Amino acid sequence: MMSGGAQVAFPMGTSGPLGVHQSASGVNRTHASWSPYDNNGGTTVAVAGEDYCIIAASVRLSSGFSILTREHTRMKALNSKCVIASSGFQADFQTLQKLLAARQVMYQHSHNKPMSCTAMAQLLSNTLYYKRFFPYYTFNLVGGVDAEGKGAVFTYDAIGSYERVGYSCQGSGKDLIQPVLDNQLKAASPLLVPPQSSATALQKEEALDLIKDAFVAAGERDIYTGDEVEICIITKDGIEQQTMPLKKD
């Protein structure tokens, strides 16, 4: 429809804007547009301490108002000091995680040592930016311990912009959990000179309890967060895994 009220004519059998299709009979039919992406929900959280990192993710996989599965992991251990957790489109984040795991194996064979957490964070940024014109529809957290044994959390947007922070949250429950983390952890500004550590001063057990409480609260309000949460506790000695049940309705 033009501003003057005149009808824009499209040839019969062709499509106009917004999916309006004019059939041979001259009747306009509106059809649903197709998208290559879907948001399968889920929530991921990571907190860095002075000598540990805790990263956690819910396992419910949804599409719209349907639950596809109640036991789909969103995390992958890339090596003994680095874990990635992803939310967004399941096909994309699974492909991305497999790619990073393969690059880690190649690096291990070439250098006889695992890739450091900071190097893996940069690799993920480069990988996402390379696909920026048809991006992976994923929102990622990388957690681990750096070369000095300090906890590290890296948070990303969909095209590779990233930042090292003391804590972060991604996914459908982000709006519920991020304010809780801001209130309880209060990391130093990255703009301070000289730079200050962004790691929380909480003990590992206190940070673990905070993450569990945050997921329980999010599960009460977010229909895409539920069933169970997987938790990885990363230290210089390796990765310890735990699970905690959440509401199933």
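Is Ser62 buried or exposed? Ser62 has a relative accessibility of 2% and therefore counts as buried, a term that denotes under 20% relative accessible area, with exposed meaning over 50% and partly exposed in between (1.4 Å probe, protein chains only). The structure is a predicted model, in which local features need pLDDT of at least 70 and side-chain atom pairs count only at pLDDT 80 or more, while totals for chains, interfaces and linings use all residues. Residues are numbered from 1 along each chain as its sequence is written, and side-chain values use heavy atoms, with hydrogens and water left out.

Ser62 belongs to strand β5 (residues 61–63). Apart from neighbours within four places in sequence, Ser62 is in contact with Asn39, Asn40, Ile67, Leu68 and Tyr224, where contact means heavy atoms within 4.5 Å. Tyr224 stands 162 residues from Ser62 along the chain, yet the C-alpha atoms of the two are separated by 6.4 Å.

For the protein as a whole, four helices and 14 strands are assigned. Helices (H or I, at least four residues) and strands (E, at least two) are DSSP runs, numbered from the N terminus. Buried residues account for 43% of the 249 residues. Of the contacts between residues at least 6 apart in sequence, 58% join residues at least 24 apart.

Two helix pairs can now be considered in turn. Two packed helices are described by the angle between their axes and the distance between the axes. Axes here are lines fitted to C-alpha atoms, for helices over the stretch in contact, and angles run from 0 to 180 degrees between N-to-C directions.

The axes of α1 and α2 come within 11 Å and cross at roughly 130 degrees. That angle makes α1 oblique to α2; angles under 35 degrees count as roughly parallel, over 145 as roughly antiparallel, 65 to 115 as roughly perpendicular and the rest as oblique. The crossing of α1 and α2 is right-handed, a crossing being left-handed if the near helix is turned anticlockwise from the far one by less than a right angle, and right-handed if clockwise. On the α1 side the contact is made by Leu96, Leu99, Leu100, Arg103 and Gln104, and on the α2 side by Met120, Leu123, Leu124, Thr127 and Leu128. By class, the residues of this contact comprise seven nonpolar, two polar and one charged; Ala, Val, Leu, Ile, Met, Phe, Trp, Tyr, Cys and Pro count as nonpolar, Asp, Glu, Lys and Arg as charged, and the others, Gly among them, as polar.

Helix α2 has 14 residues, which at 1.5 Å a residue should span 20 Å, in agreement with the 20 Å between its end C-alpha atoms. The expected span is 1.5 Å times one less than the number of residues. The buried residues of α2 are Cys117, Met120, Ala121, Leu123, Leu124, Ser125, Thr127 and Leu128. These buried residues pack against helix α1 and against strands including β7 (75–79), β8 (82–88) and β9 (138–145).

In the loop between α1 (90–111) and α2 (117–130) lies Asn112. Asn112 has a positive phi of about 60 degrees although it is not a glycine, and Asn112 is exposed, with a relative accessible area of 68%.

The second pair consists of α3 (residues 174–185) and α4 (residues 204–221), whose axes come within 9 Å and cross at roughly 150 degrees. Helices α3 and α4 are therefore roughly antiparallel to each other, and their crossing is right-handed. Leu176, Ile177, Val180, Leu181, Gln184 and Leu185 in α3 meet Leu210, Ala214, Phe215, Ala218 and Arg221 in α4. This contact has nine nonpolar, one polar and one charged residues.

The 18 residues of α4 should span 26 Å, and its end C-alpha atoms are 27 Å apart, which agrees. Buried in α4 are Ala207, Leu208, Leu210, Ile211, Ala214, Phe215, Ala218 and Gly219. Their cover includes α3 together with strands β3 (43–48), β4 (53–58), β13 (228–235) and β14 (238–245).

Loops on either side of α4 complete the account. Ala201 lies in the loop between α3 and α4 and is exposed, with a relative accessible area of 72%. Asp227 lies in the loop between α4 and β13; at 1% relative accessibility, Asp227 counts as buried. Asp227 also has a positive phi, of about 75 degrees, although it is not a glycine.
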